[in-house]
Amino acid sequence: MLSIAWIILVSSSLCSSLDNGLARTPPMGWLSWERFRCNTDCVNDPDNCISEQLFQTMTDIVVADGYASVGYEYINIDDCWLEKHRAHDGKLVADRKRFPNGMKALSDYIHSRGLKFGIYEDYGNYTCAGYPGIIGYEEKDADLFAEWNVDYVKLDGCYALPYDMDRGYTNFGRLLNATGKQMVYSCSWPVYQIYAGIQPNYSSIQSHCNLWRNYDDIQDSWASVENIIDYYGNNQDLIAPNAGPGHWNDPDMLIIGNFGLSYEQAKTQFAIWSILAAPLLMSVDLRTIRPQFKHILQNRKIIAVDQDPLGIQGRRIYKHKGIEIWSRPIGPLYQNFYSYAIAFVNRRTDGTPSDISVTLKELGLVNFSGYRVEDLYENVDYGVLYPNTKIKVKVNPSGVVMLKGEVQFPVEL
Ligand code: GLA
């Protein structure tokens, strides 16, 4: 009897957790919110309103301008795509003027270009911008998303009870899985609980969501990026261990190429997001992005750090007088020695570059056979360096130097 009860328990717990095989590395794509917000005025601002045209245009550019070939694959709608009311049969309806061909047609368009389609909803009575939420219609909405061939669902948490989220978010994840269509599941479950003073149950969150927001919305400023960097650094003991293949912390979108970040600051956001094993969701107008910012977003070496298959989230290992060092263990491995991505960040405002000198050993790179060290932005190869080698980098104000140390194997005699 006991063993039967145990088997039932084990199998039911397996069924209830998310095992969709998706997001083995952090998702990459484009998301409308930070840049295009809830602009619904297609009469006066047809090129920038939330409409099928905007998403089709971004799809075309992601493919044509090389973003898809470096790994960006999801085209994700955020809030404000809906009609204010459901249809008589209870189904969600996309805004009829702004999405005249409906969501299935947009989904088909994105898929026909070889990309994937993401949508936004909210586990509450309303979305954050006041459109219908999923509460009371969970099964219907999950089925509709499957019918539309959705690949990615961001489920926000406005107008919902944070105490109810442990149950509600897991339930919706189960309903998504039950459709048989695999969808990446992006949750806002922890951030709303943290705001409500509830300690999130990260072990449950990581087994039910592919990614989740922990902290504030990103805004178009360096102050906002710094604030997020500090949150992830200050809370890393709680947050970092929850990341791994299939389940990621989400520090929010990349704002590179917009109005608020300088070139140096944009490089810093990209470097730190890759150390954090963050989803890389660009929110920028790809029609007008300046080449230097596009270049950052398409830096294959830094993308490879972000997408490292081991999926270990990095940490801030040093912080003193405005200088920070962030480090992430990555492959290849030699015995129990990892390779590392290292970001040296200058948060100081005295307008001249700061020198940082440190031995590899002090950074935790202690393999006697050494590490091949290269600069991931400057394409400089420093050759093989050893634990006692001192490296010296010059870091611009609000900028970053990012290195990779690839572990070396002993030479066979
Ligand atoms: C919340 C989310 C944002 C965005 C908006 C949309 O603030 O955190 O990412 O989705 O809602 O209204």
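View 1. The side chain of Lys-154 puts an N or O atom 2.8 Å from an oxygen atom of the ligand, a polar contact being a pair of N or O atoms within 3.5 Å. This is a predicted model, so local features need pLDDT of at least 70 and side-chain atom pairs count only at pLDDT 80 or more, while totals for chains, interfaces and linings use all residues. Residues are numbered from 1 along each chain as its sequence is written, and side-chain values use heavy atoms, with hydrogens and water left out.

**View 2. Asp-78 and Arg-213 at the ligand.** Asp-78 has a polar side-chain atom 2.6 Å from a ligand oxygen. For Arg-213, the corresponding distance to an oxygen atom of the ligand is 3.2 Å. On its own the ligand exposes 310 Å², and the protein buries 91% of that (Shrake-Rupley areas, 1.4 Å probe).

**View 3. The shell around the ligand.** Among the residues around the ligand are Trp-33, Asp-79, Tyr-120, Cys-128 and Asp-217; to count, a residue needs a heavy atom within 4 Å. The shell splits into four nonpolar, no polar and six charged residues. Here Ala, Val, Leu, Ile, Met, Phe, Trp, Tyr, Cys and Pro are nonpolar, Asp, Glu, Lys and Arg are charged, and the others, Gly among them, are polar.

Key. Polar contact = N/O pair within 3.5 Å; in protein donor to acceptor, adjacent residues only side chain to side chain.
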